[in-house]
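Please have the viewer open as you read.

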Protein chains: 2
Amino acid sequence: MKQKDPYTKLHNISKEIATLAAIEGLLEWDQETYMPHGAISLRSSQKEMMASFVHKQKTGPKFSKALKSLIDLETGAVLNPSLPPAKQAALREWRRDYLKLIKLPNSFVKTFAKTTSKALFAWAEAKKKNKFKDFAPHLEKIVSLARKKADLLGFKEHPYDALLDLYEPEMTCKFLTPLFQRLKHSLSDLLKIIQNRPSPQGDFLEDSFSSEKQIAFGHFLLNAMGFEHSSFRLDLSNHPFCMGFHPKDIRMTTKIHPKLLMSNIFSVIHEGGHGLYHTGLPEEEFGSPLGEAISLGIDESQSRWWETRVGRSFSFWKHFYPLLQKEFPEKLNQVSLETFYKAINKVSPSFIRIEADEVTYSMHIILRFEIEKMLIEGALKTKDLPDAWNAKMQELLGICPPNDAEGCLQDIHWSMGAIGYFPTYTLGNLYAAQFFNAYEYQHPNWKDLLEKGDLSQMRYWLKENIHRFGREFTPHEIVKKVTGKELNEKPFIQYLTNKYEHI
Amino acid sequence: MKQKDPYTKLHNISKEIATLAAIEGLLEWDQETYMPHGAISLRSSQKEMMASFVHKQKTGPKFSKALKSLIDLETGAVLNPSLPPAKQAALREWRRDYLKLIKLPNSFVKTFAKTTSKALFAWAEAKKKNKFKDFAPHLEKIVSLARKKADLLGFKEHPYDALLDLYEPEMTCKFLTPLFQRLKHSLSDLLKIIQNRPSPQGDFLEDSFSSEKQIAFGHFLLNAMGFEHSSFRLDLSNHPFCMGFHPKDIRMTTKIHPKLLMSNIFSVIHEGGHGLYHTGLPEEEFGSPLGEAISLGIDESQSRWWETRVGRSFSFWKHFYPLLQKEFPEKLNQVSLETFYKAINKVSPSFIRIEADEVTYSMHIILRFEIEKMLIEGALKTKDLPDAWNAKMQELLGICPPNDAEGCLQDIHWSMGAIGYFPTYTLGNLYAAQFFNAYEYQHPNWKDLLEKGDLSQMRYWLKENIHRFGREFTPHEIVKKVTGKELNEKPFIQYLTNKYEHI
């Protein structure tokens, strides 16, 4: 047998680990979709065991030896400079992940897991009872562990950078703070303009819509987006999500609200955007960074592209609205395309992030970013969180939640220890807008295609320009490569300003 | 922390292994139910990796050390004779499993897996093309590996005993051969009597039945059988099955034939019988032999009890037939309960085992047993299998399959290497009949309850007398314990004879 070259050897080891990690994914997917409720304690043990097994493989001597034979872990220098650039980039990313993992000692990982497992439960109870006080001590522990995590991972300027970097490589407060500051002001100005206009009507979207037909329309949409029957699923779960186990095994979920027509539709198109990204990753690179999504922000740029630039666009519905009407004739035949379009783009400050429109959505994120930063700095005590939250809601959106359940207790992320995660939601919108400009520049005919229901050019463009590279480029590099510019908020603001001129 | 006693230590190690093994189960379940087809190659790797990981744990030093501290592996003597009998029995079973596993070297296990994996594929193709010749070389390898396996496992009298023992502990050819011989003659006599009578009509069962309603009726039946919503699922798959991952996670499947009403109903009740067994195993014994099914034969006795003694009985349908009529009024309102009962119990020799009635079913099994034994003995060459098959079909059922696809290629088992497995199907029927006699003796009122749709007494009796013991007793012991007699064919023959006097 021919001796495998060291790069292939590393890739093979990594592929084995990815194969195991996809089992972890299946355990989670099953839990969220089909698992009988009574199996939860068995499932928790299974997830814990698989996580520990996968962690051991990722940090074990077999992997590290293979990695060290190709790259200097200390300096990051690739030992064989004649390797093609993509492979060098893969080594850079493998090293990046590995160094992060070994910086966190096993005891810390276990404490973190135990703390968040309890916090998750406490959060759900506290939210149900609308009692922030019951969650506060858990959050306090989580903040202190997150701070500890930042110290263990290391950072140059701000401890929050270390946390950000886990989800969005190389993102920093130094970059994000002024960006979000500008964004806040622009969105605030736009919001004022929109709020001075009469609000569109949209009651017809909140009627009674057959669940079966909604599910069928979800499948129809994924089909139109180009999914192949043999490589994806769409199921139901409490919170819509997408898991890409492999380019040939994409699991998306949606939730059917029998009285909210658009909830399922936007969820399906959104998760479909994630799904297409993971379908578009090169299959032969499975298990290598070249077969993985760049970052949460870039992943979110794909879902938001599809949800907002496609699913909330006039052109898209020009083709698809008649088909939707056909499904629900009694509800929609009296509603014109124009009325429908305005209704699905209605702007209105609200308490709940996941229900927010395109204009106010980022305000929710900026709020969380500012609060998280203060928590990590120690400038805000957890006990003062509800007040800080409400004040910021007032400042950013001009409204104040009636209670903490609809305020600072609404999101699951903090109870999971995911501090530093929220910014990626808004980054997704900014990336998407900037990418879209590049696409529009190259394909000025995009609206014509969309109006015919042809989504293939767009899908192909995203695959060619983003998906197929996996993590060859960092988020920063891919934005530069695709758009020629640094990430900035202008295309996003421009897009919203133009769009709302016509609504 | 208090030092754990050695038994608890062993149980905890074994529980961890069972938790992992249940993940293997989930991979299989997902593949059969929801997995996108394109994921098959990823899934194969995942199953292989998990199987190897579980095998390593089961044979590794951690487990064997814990086991050896409690039982002499050589002699089977329990080192602490003051342990309660159930725990001593658990040690006996743990030792039994362990010794079997370590007798098969890793290289053999791998060769076996590789051979059957290829054979499985070849079998499916050969069956499709009706070309036994394409499958013959694979079967030849499998027979020779099965023979090798028998040698590795060891046996006293007949190599087939070693294979039988894998599925039905302590079962032997010496016991089975005369038992099946008597059974064959009795069934043959009964069949002749039945065939001399006019055959009941049953065309109304082969009409067009809404899939949704069929699925709903399946759920309704499981509900009536006493399944709790929080601990089971019923899904669709190509071949109905039941997997009991844990007493709180039972996964059953059925298949809907839009034109065959009873196929789904019998599948659901059959798999439900397996499911109730696994629900009834003591939860606190999860991971120990005391939390496992005794044998495939005993497991099958539960499914056949429910399918035949309940699902094909007049009393059961006295309550449930009006409900079934309500679901399918246009199809069934003109059909009387008596006509329905006779139709679902129609006896008619047929080519396909899984479609056979209660009288001819065992003939299919006896045929396979006799052929398997000859193959293992070397008395039958694989190339001569089709002729031998057809001759035996003629002898046992008086019919000859028109081709090998409906003949010796019909079952998947041989391609999976599962030689020695078939007899457990008939053993299930015999156990069920003998158990049922004991139940009937203790509860002569059972028909009254059944006629009211009350299945709880029966479920309780099975749990109390069989399920709750796990593997505390061997198949032989449990039959003796519950019925006071050795396993024999008389109750089964008596049951069928009585039943068909009235049809």
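In chain B, β2(B) and β3(B) run antiparallel and are joined by four bridges. Strands here are DSSP runs of E with at least two residues, helices are runs of H or I with at least four, and both are numbered from the N terminus. Along this pairing, B:G244 stands opposite B:I250 in β3(B). Helix α9 of chain B (residues 211-225) packs on the sheet and touches β1 and β3 of chain B; contact means heavy atoms within 4.5 Å. The direction of α9 makes about 155 degrees with that of β1(B), where axes are lines fitted to C-alpha atoms (for helices over the stretch in contact) and angles between N-to-C directions run from 0 to 180 degrees.

A word on conventions: this is a predicted model, in which local features need pLDDT of at least 70 and side-chain atom pairs count only at pLDDT 80 or more, while totals for chains, interfaces and linings use all residues. Residues are numbered from 1 along each chain as its sequence is written, chains are lettered from A and ligands numbered from 1 in the order in which they are written, and side-chain values use heavy atoms, leaving out hydrogens and water.

Now turn to chain A. Its open sheet has three strands in the order β1-β3-β2, with mixed pairing; two strands pair if DSSP finds at least two bridges between them. The edge strands, β1 (232-236) and β2 (242-246) of chain A, each pair on one side only. On average, neighbouring strands of this sheet are turned by 20 degrees against each other, direction ignored. β2(A) runs antiparallel to β3 of chain A (residues 249-254), with four bridges joining them, and A:C242 stands opposite A:M252 in β3(A). Across β1, β2 and β3 of chain A lies helix α1 (residues 6-33), running at about 145 degrees to β2(A).

How do the chains meet? Contacts link 32 residues of chain B with 32 residues of chain A. The area buried between them is about 2600 Å², 75% of it from carbon and sulfur atoms; buried area is the accessible area (1.4 Å probe) that two parts lose on being put together, summed over both. Two salt bridges are found across this interface, each a side-chain nitrogen of Lys or Arg within 4 Å of a carboxyl oxygen of Asp or Glu. A:R251 and B:D30 meet through their side chains in a salt bridge, at 2.8 Å from N to O.
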